[in-house]
Each structure stands twice: as structure tokens, then as C-alpha cells.
Amino acid sequence: MWSGGFVGVDMFFVVSGYVIGLSLIHERQQSNSNSLKRFFQRRFFRIFPPLVATIVGSCVYAYLILPFDRAQDYFIQQARAALFSYANFFFIFHKMDYFLQEANSTFFLHTWSLGIEEQFYVLVPILIAIISVKYRSNVSSQHFRIWQNVFRTIALISAISALVIHLNVFTFSTPEFSQLVLFYSPLTRSWEFFVGMLIALHLATQTPTRSLHSQSKFGSRSALGTSIALLLISLVGYQQGMMSQFSASSLTALATGLFILIRNEFNFTDNRIIRYRLIQTIGNASYSIYLWHWIGVSIAADIFHPAQPINTSLLIALSLIPAFLSYRLIEIPFRKIRFLPTRPKIIIGISLVLTPVLCLTFLRSTMLSAREEYGNVYPSTVLEGCDFWGELCIVGPNDASKRILIYGDSHAYQLIPMIKDYAEVHNFELTTCVMVCKDEKLSQIGDNSFSEKRFDLVITSIKTISGTFSRDDRKMFASYFNSYTEAENSLHLVVLDNPFFADQVSPRRIRKQVLIPLDRKDQTGMRAPYLTDLVSDSDAKTIFFDPFDSLCNEEICFTEFDGKALYLDNNHYSMSGSDLIQPNLYKTLDSLLRN
């Protein structure tokens with residue numbers, strides 16, 4: 001709702017490090033040891049039950065209302081990542097920029113920070129356990145000094161790593177991917193936790209005198225002012241575009257650490273506002289509010305197109321209802337579980353893991369059956385092995401008599417199942433490079449360094465009617481493949497755009513679209529200028545395959561056949577659509593490769 005609001009995460013990381021640090025320090029001071037078992041039990045029964053409630057509750061919405069197209073795929077994948085604490089890595093390797101995602105396809109985007117937090121909760125106790133074993137005979141004060149040295153070192157490594165990536169001194173594969181690592185990675189974020197840990201160590205082990213306390217009042221007030229100023233600078237600076245996300249986050253973390261460092265000099269606990277019951281309740285329920293608020297944002301984006309601020313605000317407000325119910329009925333009772341005997345704790349813990357896993361399994365099963373019934377089956381449901389959505393994939397024997405390359409965007413991706421089956425039947429080798437791979441390898445197509453192998457047939461397909469690519473982009477794409485296929489002495493087959501289903505609506509369990517045929521004349525007129533450009537951009541040897549011949553008659557283009565939908569969305573056909581195209585496509589391939 002305010003683009004600078006994300007910096008609250010950085011404040012939380014520092015506070016979390018401080019609170020966990022105090023907990024570990026107090027345990028060490030009282031028992032001269034730290035128990036990994038007790039620590040993980042506390043964290044598990046504190047974090048996991050509300051998360052499970054959020055996932056299970058959201059599954060109900062996903063089953064009844066969320067479209068059973070790719071949105072449910074995203075939901076299941078991200079819920080699983082949130083459940084098992086790798087959401088941040090999921091978003092890194094799926095190349096999902098936090099600031100560029102559509103909320104209706106990222107119900108669990110916010111759990112990237114929870115993933116980092118849980119990874120921190122695993123790392124720190126293990127480090128402390130190792131230190132305890134190595135320096136078993138030392139007293140607690142010596143252990144704390146060792147903790148400080150270790151934590152300072154890790155914090156320094158983390159901060160330097162973040163700065164190096166931010167300044168592009170070192171990049172991972174691409175600058176865009178490096179920025180994802182900078183934002184989501186525990187390597188670049190852990191220094192914020194360790195700032196809180198080091199402050200906890202400092203405050204818990206110092207012995208201030210009254211005289212020093214009185215002498216530091218002016219300095220404390222100055223530090224408080226500095227903390228507030230830094231926070232305002234980071235918020236306003238990022239909001240106005242004068243500061244990068246990394247700079248704003250770093251300033252926020254430092255401001256938070258400074259505030260914690262001097263907060264004991266001020267009697268905040270007696271502040272009337274802070275002691276107000278509503279404020280206390282909101283603070284206590286903040287974890288459940290954190291889990292549920294983004295669900296409200298996602299539902300707003302899913303239901304309202306486009307989502308209006310008033311609708312989003314309303315659903316965020318309504319998300320407070322399940323959040324406070326979660327706090328009262330889930331958080332508070334489950335905190336007491338750790339005091340139970342071992343056996344019931346194990347049973348409850350296993351149940352907590354199995355419940356969302358079974359819900360997600362059921363959701364996936366019903367999603368696939370609904371797609372089959374509707375005919376709206378994605379290529380991703382029939383492709384296995386390599387990540388055909390973004391990686392360079394090779395299928396078939398190395399000694400194949402013929403080699404085929406499929407190259408392009410999502411329109412090329414939708415062809416892969418058909419071509420893959422064809423290649424396997426004829427013992428041909430198939431190479432695919434679509435979506436992310438297309439963008440990464442296009443320059444190699446341009447300079448003819450794409451592959452060490454020669455392809456007998458190159459198949460390309462990109463969106464045209466939907467207007468995704470500019471005229472210059474389409475002309476460059478065609479020019480690159482004219483030169484590439486000429487140099488390789490390869491056949492070049494261009495698969496033209498399929499009909500554009502402008503009024504397509506994603507099917508939901510509570511509402512399945514009435515599929516009305518499209519006017520063939522309108523569809524032909526819509527693509528005419530793009531087709532003219534494509535023919536003029538291509539060389540004389542280029543062969544064209546037209547899906548209109550399979551999906552249309554002289555008057556209409558079909559949107560359903562034999563009771564099943566032929567489209568996934570407005571510009572991609574489903575596997576039912578593929579079934580109509582396949583015979584004609586195979587005839588074309590036979591004429592090119594077998595004769």
C-alpha cells in the first residue's frame with residue numbers, strides 16, 4: 001500500500017536477532033548451557049501452528065474460488081515452500097522479483113522473510129552448540145566473548161557480500177539474478193539478525209554505573225533522534241526514488257539497531273499509547289497479522305481486476321479477523337504444547353506437518369481432475385524431467401538421425417509436448433529453448449554460436465497478435481533465425497499465432513465460462529498486419545504452419561470441442577487444443593523430416 005512499507009521486514013530481522021539473542025543469553029546465564037532441543041521446540045510450536053492454519057485456510061479459498069489454471073500451480077508450489085522454510089530460495093530460483101509480481105499468483109510471497117528467519121534459527125543454535133562443545137570448560141562470560149567474535153565475523157562477511165552484489169562487483173549469471181540473491185538470500189540478509197544478536201550480547205553483559213547513565217542522557221536523546229531520522233530518510237528516500245532498496249533496507253536496519261541499543265534509557269514501557277490495550281493486542285498478534293494480511297491482498301487481486309486500493313484495503317482489514325482468531329485459538333494454546341510429555345508433542349508435531357501436506361496433495365489432485373474434465377490441461381502437467389519452461393533441455397539419443405530445435409516464448413512452449421512425442425516415436429533428438437532460455441541465448445543465435453550440433457529443423461514461435469513484442473523485436477528475431485538457419489543449412493518452420501480469445505476467463509470451480517465461438521473473419525483481420533510483417537521479415541526458405549487450419553472453419557474459430565475448452569487463456573491453447581492441431585502439425589513435420 002506504500003512502496004516503502006517493505007522496510008518493516010528489515011526492522012523485524014534486527015528485532016528478531018535481538019530477542020532470540022536475549023533468550024539464548026539468559027538460558028546460558030541460568031543453566032550454563034544451551035539446549036538445541038528446547039530451542040527448536042519453542043520455535044516450532046511458536047512459528048509452525050499459525051503458518052499451518054494460514055495454509056489450510058487458504059487452501060479452502062484455492063479449492064473453491066482460485067482459478068484452476070496456473071494460479072493453483074503457483075499456490076501449491078509456494079505454499080509448500082513456505083511450509084518447509086525455503087520460500088526465499090524458491091523465489092530466487094524461479095526468478096520472481098518481489099516488486100514485480102501479481103499478488104493473485106503469489107499468495108505466499110511474503111513468506112520469503114519467514115524462510116530467512118527460520119534459516120537463521122537453525123544456524124545460530126548450531127553455531128552456539130559447536131562453540132559450547134569446543135570450549136566446554138570455559139565460563140559463560142568467555143563463551144559470550146567467543147559468540148561476539150563469531151557473530152561479528154559472520155555479520156561482516158554478510159554485509160560485505162551484500163555490498164559487493166549491490167555494487168555489481170560480482171554477479172550471479174545475470175545482474176537481474178544477482179539482485180534476487182541480494183534481496184532474498186540469507187547470505188546477504190543475515191547481518192541484520194546478527195546486529196540484533198550483538199546488541200543483545202552488549203546489553204546483557206555490560207555493567208553500567210549510575211554516573212555513566214546520567215552522563216549519557218544527552219547522547220541517548222541524540223541517538224534516538226538519529227534513529228528516527230535514519231528511518232524517515234530510508235522511507236521517504238525510497239518512496240521518492242532517491243534511494244535504492246538496498247540502501248533503504250540497510251539504513252532501516254541500522255536505525256532499528258540504534259533504537260534498541262538506547263531504548264533502556266527511556267521508559268517506553270510506561271508510555272500510555274504503548275500500554276493501550278488495542279496496541280498491545282496488535283503487537284501480540286503481529287505474527288498472525290503478518291501471515292494473513294497478504295492473503296487479503298492476494299484475494300483482492302484475484303477477485304477484482306484491476307484491484308482498487310479501496311478493495312485491497314477492505315480485504316486487508318477483513319484479514320484481521322482470521323489473524324486475531326489464529327492468535328487466540330492457535331498461537332496461545334500451542335505455545336503451551338512444549339510443556340507436554342515427549343510422546344504427545346511428537347504426535348502433535350507430526351500432525352502439524354501432515355495436515356497441510358495432505359491439504360495441498362488433495363488440492364493438486366482435484367485441480368488436475370478439474371483440468372482434465374474442462375479440457376484446460378497445461379503442458380507443464382505432461383512434461384517431466386528438465387525444466388522446459390526456462391532451461392535448455394535435450395531429449396532423445398545423441399546418435400539420432402535427425403535433430404529438432406524449438407525456440408521462442410510461451411507459444412513455443414505450448415508446442416513442446418506434441419514435438420516431444422513426435423521426436424520420441426521417430427527416435428529423433430529434440431532441443432528446447434523457450435521463455436528464460438530464449439532471452440539468454442538469443443545473442444548466440446544472432447552470432448551463430450548457439451550450439452555445437454547442427455539441427456535439421458528449427459521451429460520458432462512467438463506471440464504476435466497479443467502485441468507483446470514490438471515491431472523491431474519481431475524483425476530482429478526473424479533476422480537472427482534467417483541467418484542462423486542459412487548458416488546451419490537447416491529447415492526453418494515458423495508456427496503462426498493461434499486465434500486470440502480476448503474474452504477468455506480463467507475457469508473456477510464456482511464458475512466455468514460459457515465458451516462461445518470466435519468470428520473467423522475478425523480473427524483473420526486481427527492478425528493480418530502481423531502476418532504481413534512476418535512474411536516480409538522471413539526469407540524465402542521459411543515454411544509456415546497455421547493453427548487456424550485446425551482450430552477454425554470458414555466461419556468460426558472453435559473455443560471448445562467435444563465438451564472441452566480449447567484455450568488456457570486468451571492466447572494459448574490447452575492440451576485439448578493441441579489435440580486438434582497435432583494431426584496437421586505431424587503431417588507438416590513428416591513432409592519436412594521424413595521425405
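## Close-up views of a predicted model

**View 1. Strand E5 and its partners.** Strand E4 (residues 457-461) pairs with E5 in the parallel sense, over 4 bridges. The model shown here and in the other views is predicted. Val 458 has His 492 of E5 as its bridge partner. E5 also pairs with E7, again in the parallel sense, over 3 bridges.

**View 2. The open sheet.** The sheet is open and built from 6 strands. Their order is E1-E3-E2-E4-E5-E7, and the pairing is mixed. Strand E1 (393-395) and strand E7 (543-545) stand at the edges. Each has a single partner strand, so one side of each lacks a neighbour in the sheet. On average, neighbouring strands of this sheet are turned by 20° against each other, direction ignored. Strands of a sheet pair through backbone hydrogen bonds, in either a parallel or an antiparallel way. E2 and E3 take the parallel sense, with 6 bridges between them. In this pair, Leu 405 has Thr 431 of E3 as its bridge partner.

View 3. Helix H19 covers residues 436-446. Its buried residues are Cys 437, Lys 438, Leu 442 and Ile 445. They lie on the same side of H19, because they cover an arc of only 135° around the axis. What do the buried residues of H19 pack against? Their partners are strand E2 (403-408), strand E3 (429-434) and helix H20 (471-488). Asn 448 follows H19, and its phi is positive, near 60°.

**View 4. The nonpolar cores.** The largest nonpolar core has 132 residues. Which of them touch the most other members? They are Phe 75, Trp 147, Phe 151, Ile 419, Ile 459 and Leu 589. Leaving aside neighbours within four places in sequence, Ile 459 is in contact with Ile 404, Leu 405, Ile 406, Tyr 407, Leu 415, Ile 419, Leu 493, Val 495 and Leu 589. Another core, of 14 residues, lies apart from the largest one. Its members include Tyr 407, Ile 445, Phe 450 and Tyr 484. In soluble globular proteins, nonpolar side chains tend to be buried together.

View 5. Asp 533 is found in helix H21. How far apart are Asp 533 and Arg 471 in sequence and in space? They are 62 residues apart in sequence and 8.2 Å apart in space, C-alpha to C-alpha. Their side chains are joined by a polar contact of 3.4 Å. With neighbours within four places in sequence left aside, Asp 533 is in contact with Arg 471 and Arg 474.

View 6. Ser 538 sits in the loop between helix H21 (520-537) and E7. Is Ser 538 buried or exposed? With a relative accessible area of 12%, Ser 538 is buried, because buried means under 20%. The Ser 538 side chain reaches the backbone oxygen of Leu 534 at 2.8 Å. Leaving aside neighbours within four places in sequence, Ser 538 is in contact with Asn 482 and Phe 544.

Notes
Residues numbered from 1 in each chain as written. Predicted model: local features only at pLDDT ≥ 70, side-chain atom pairs only at ≥ 80, totals over all residues. Heavy atoms only, no water. Buried < 20%, exposed > 50% of the residue type's maximum accessible area, 1.4 Å probe, protein only. Helix = DSSP H or I, 4+ residues; strand = E, 2+ residues; numbered from the N terminus. Arc of directions from axis to C-beta. Contact = heavy atoms within 4.5 Å. Pairing = 2+ DSSP bridges. Axes fitted to C-alpha atoms, helices over the stretch in contact; angles between N-to-C directions. Polar contact = N/O pair within 3.5 Å; in protein donor to acceptor, adjacent residues only side chain to side chain. Core = buried A, V, L, I, M, F, W, Y, C linked by side-chain atoms within 4.5 Å.
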